[in-house]
Amino acid sequence: MGVIMGILNEFQIQQAIKLLQAQEVIILPTDTIYGLSATVSLENEQKINALKASVPDKPLIVLVSNLNQAAEFIDLDSNVMQHLNTLEPTTVISKKLNGERTWAVRLIKRADLVQIINVVGPIFSTSVNRSGQKYLTTEAELSNFLKPDHCFFIGELKNQPSKILNLLDNSKKR
């Protein structure tokens with residue numbers, strides 16, 4: 001039996017939208033764990049990787065609210081759609097046929113995140129932690145990692161990170 005998660009209230013959703021539209025990095029609850037999130041751009045990818053003390057061009061997961069958004073990053077075939085539409089949070093690694101870049105994409109299920117992404121567009125999301133360390137779960141840890149007003153805490157999320165499938169070589173990364 002799953003734990004019922006809290007949902008961001010309307011004020012929090014509007015605050016998150018404003019911060020994301022201002023190109024800020026924020027902490028949001030996801031279907032799995034808390035995510036360090038920002039709208040998708042090279043600059044935001046580098047900001048997030050700097051906060052995590054990762055290499056600047058380390059790829060990040062992109063959260064989308066619908067398959068049309070997913071199609072902006074990767075080609076959708078029946079295999080990709082089957083994995084994106086599973087009940088278990090699943091991130092797929094793929095790319096566009098003529099694309100240079102590989103993307104990791106996950107279709108989000110949380111209604112509050114869907115509402116945010118429907119307004120701001122796809123967002124990056126990666127675990128809140130320094131690279132190689134355990135991900136953070138408590139309000140104190142998250143508020144110490146990023147400014148408290150950029151942290152949208154709804155209670156501890158102790159789920160496992162999403163399953164990651166690399167569809168380019170059919171391997172399971174996690």
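The crossing of helices α1 and α5 is right-handed, meaning that the near helix is turned clockwise from the far one by less than a right angle. The model is a predicted one, in which local features need pLDDT of at least 70, side-chain atom pairs count only at pLDDT 80 or more, and totals for chains, interfaces and linings use all residues. Residues are numbered from 1 along each chain as its sequence is written, and side-chain values use heavy atoms, without hydrogens and water.

The axes of α1 (residues 10-21) and α5 (residues 111-120) come within 10 Å and cross at roughly 35 degrees; axes are lines fitted to C-alpha atoms over the stretch in contact, with angles from 0 to 180 degrees between N-to-C directions. Helices here are DSSP runs (H or I, at least four residues), and strands are E runs of at least two. Among the residues in contact (heavy atoms within 4.5 Å), Ile 13, Ile 17 and Leu 20 belong to α1, while Ile 116 and Val 119 belong to α5. By class, this contact has 7 nonpolar, 3 polar and 2 charged residues.

I turn next to aromatic rings, which pair if their centres lie within 6.5 Å and count as stacked if the planes are under 30 degrees apart. The count comes to 2 aromatic pairs. Tyr 34 and Phe 153 are stacked, 5.6 Å centre to centre with 10 degrees between the planes. Tyr 34 lies in strand β2, and Phe 153 in the loop between α6 (139-145) and β7 (163-166), 119 residues apart.

Methods
Ala, Val, Leu, Ile, Met, Phe, Trp, Tyr, Cys and Pro count as nonpolar, Asp, Glu, Lys and Arg as charged, and the others, Gly among them, as polar. Rings of Phe, Tyr and Trp (its six-membered ring) pair if their centres lie within 6.5 Å; planes under 30 degrees apart count as stacked, over 60 as edge-to-face and the rest as tilted.
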